[in-house]
Amino acid sequence: MQRSANRRKTISVIVFLLSLLLLAACATSIRSHHKISEIRINDDFIIVTAAAKDTLSSLAAEYLNDPSKEWLISEFNHIKTLAPGQELIIPLFPFKKGGLKLGGYQTVPVLSYYRLSKNKPSKIAITQDDFKAQMKYLKENGYHVITLDQLLGFLDYQEQIPEKSVAITFDDGWISVYDIAFPILKKYGFPATIFIYTDFIGGGKAMSWKQIKELSEAGFDIQCQTKTHRDLTVLKEKESFKEYFKSLEMEISYPKKLIKKKLNKECKCLAYPYGITNNLVIAMLKKHGYRAAFTVDNRSNPFFIDKYKINRSAIYGEYDIEKFKNKLSVFQNMELK
Amino acid sequence: MKRFFNIYLLLIVLFFFTGCAGVREFLGDIADKIAEKNSEKAPEGTKFLPASYYLEKALAYEKNDELQTALFYMQIAGTLNPDSIKIPEKIASLKSTIDHKARKHFTTGVECYEKRKFKDARRQFLTTLRYAPGHQEALDYLKNRLHPKEYLNYTVKEKDTLKDISKKFYKDPSKDFLIAYFNNLKTGEEPISGTTLEIPVLESEFNRPSIDIPIELIKAENLLKEKQYEQALAVAGKILDYDKSNKAAQDLINTAFCQQGKDLIIRKNYTEALHVLSRADPQYDCVKKTTSDVYTAMEKQAEVHYLKGVNHFLNEELQSAIKEWEKTLALNPEHKKAKKNINNARSLLKKLEKVK
């Protein structure tokens, strides 16, 4: 009798614990909603009263399905942080495409790096410490490093990007990008684009395809910089126009196919070797389905820039932080009234 | 106890069968009902700031010419206070102002564009977009029309071949493959009349001719040496047709004019010399020098005729003297002595005729 009572007791405890577990599981899967304190305006905006646990990021996750879009709420409401009970507006669409304001328009600097070195700078090689300092400066001064797709969305007048946006690119495919830049960028959570010229890959100072694949899988954007890095704008000695044309076609089509084959990724942008281009090259890029191409004209980009002549500011090894700051122009003054 | 335990077990079994979703739906329904109930009451700022707060904000933005933001805040005010008559009127008025301003700036932009004032046009189109972010035409100007195109459109005419078109655009029929490539035409396939082709615009350095320029230059130089000026000019002109900036051909043309001018000076055909030199580039040193030589020669020749006239006059050959001085004045209309003497000779001749 006593044994039977004990058994029933044990079963009750087990069942009770099981039910507790079940309820706990259910409780965590119920998303917190702000339905009690929100109003939707024309499907474009929502007015929300922030709850105690809310952050800009959690609101962005809840309403914009992307926690990284906290800047959109922050910029619309002109706030940096959130207080409980604070009423704020969540825009559900890009409310300032092109970054147009009464006093001018937004521009996006695209930084162009080549190589990095542990400690010895050169014209095209920036030291590890300088690179770290530059990335730190971007982080601490409110810059948002955007992806290539975000940049293209902005240039297409489709997507809004943070007011202080900047893009980072590397040319050629040097091994130092993998060894030095990659860990630093990873630490700051900054995306970057690498333009590779495919004949260089696998060579002595270049990355291997394996390393490139690793970068690609880590979220780096791998794009083209032709096959051989020839100057696309001039005929070589004794080269006929027809030979030049055939060479152009190969320089533009081959790396696209190779990147697709090696990484299973679409190559949609090209960085011109030496930053220079001409009409025929642009016509060829369009024919082969490239969406944009980059020069090294030292200016920031408004949304209305020619997408086949996107400017980039080359960051050289001798640059100190002041010179670096000068490359970060994010707004062009112009009275728009 | 046993009864309680059975009820408890039944509940747990129910949880197992319906799963979390069932519970969530059940709880969710309750939450939704509460929300619905609350949102019915929400307007006029029970839970939110009052409509007047947003209306004030809207007016401030309107005052600062931030009309899109003003419109948005007015719409919030309108949602929070749906019974207001004033707010919808204000919204309509603001929309009309936005339309008016966008239209005004767009029209000015198009005018600037047509006058090729591209910088001004860009500013106007940007202003248009600031007022009306969805203005597609302003966007088209900014994104397309204000950028130089890398190809031209050409509508194929009857009997046009790719080689004809290539010659027309590139002065080189052998670049027909380029047109075929960019217009998806197969080798040997001719374009259909009436279709529009995209012709890539090549930079001048690629518009290389099918003629051999160095050989043509040698031909022109030989013709020049043989004083066959017109033929030499024709060959050099052909080179310039292919390459406008060919310096050697330009030099050759001006040298030909100068040499022709010099020959005409020797033949004392000054008028023709000046005519030939007028076809040359006046900046060339040889052209400047030869033109100056023509005028010097004309002055010298005028003096020769003047002295001949004096001799005739002294020999009382008035008619001949007048003829020589007329030649002097034809070459140098400012020759003072010839002017004076010719008048004297003519009046003397008249008097003599009267005496006769």
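**Note on cores and helix packing**

1. Leu285(A) touches Ile252(A), Leu270(A), Tyr290(A), Ala293(A) and Tyr308(A), leaving aside residues up to four places away in sequence; contact here means C-beta atoms, placed from the backbone, within 7 Å. The model is a predicted one, in which local features need pLDDT of at least 70 and side-chain atom pairs count only at pLDDT 80 or more, while totals for chains, interfaces and linings use all residues. Residues are numbered from 1 along each chain as its sequence is written, and chains are lettered from A and ligands numbered from 1 in the order in which they are written.

2. The largest nonpolar core has 108 residues, of which Ala167(A), Val177(A), Leu285(A), Ala293(A) and Ala77(B) touch the most other members. Such a core is a set of buried Ala, Val, Leu, Ile, Met, Phe, Trp, Tyr and Cys residues joined through C-beta atoms within 7 Å, where buried means that 20 or more other C-beta atoms lie within 10 Å of a residue's own. Helix α3 (residues 67-80) of chain B gives the largest share of this core, eight residues; helices are DSSP runs of H or I, at least four residues, numbered from the N terminus.

3. In chain A, helix α2 (residues 56-64) and helix α3 (residues 70-77) pack at an angle of about 110°, with their axes, lines fitted to C-alpha atoms over the stretch in contact, 8 Å apart. α2(A) and α3(A) are therefore roughly perpendicular, a term for angles of 65 to 115 degrees. Leu56(A), Ser57(A), Leu59(A), Ala60(A) and Leu64(A) of α2(A) make the contact with Glu70(A), Leu72(A), Ile73(A) and Ser74(A) of α3(A).

Terms used. Buried ≥ 20, exposed ≤ 12 C-beta atoms within 10 Å, placed from the backbone. Helix = DSSP H or I, 4+ residues; strand = E, 2+ residues; numbered from the N terminus. Contact = placed C-beta atoms within 7 Å. Axes fitted to C-alpha atoms, helices over the stretch in contact; angles between N-to-C directions. Parallel < 35°, antiparallel > 145°, perpendicular 65-115°, else oblique.
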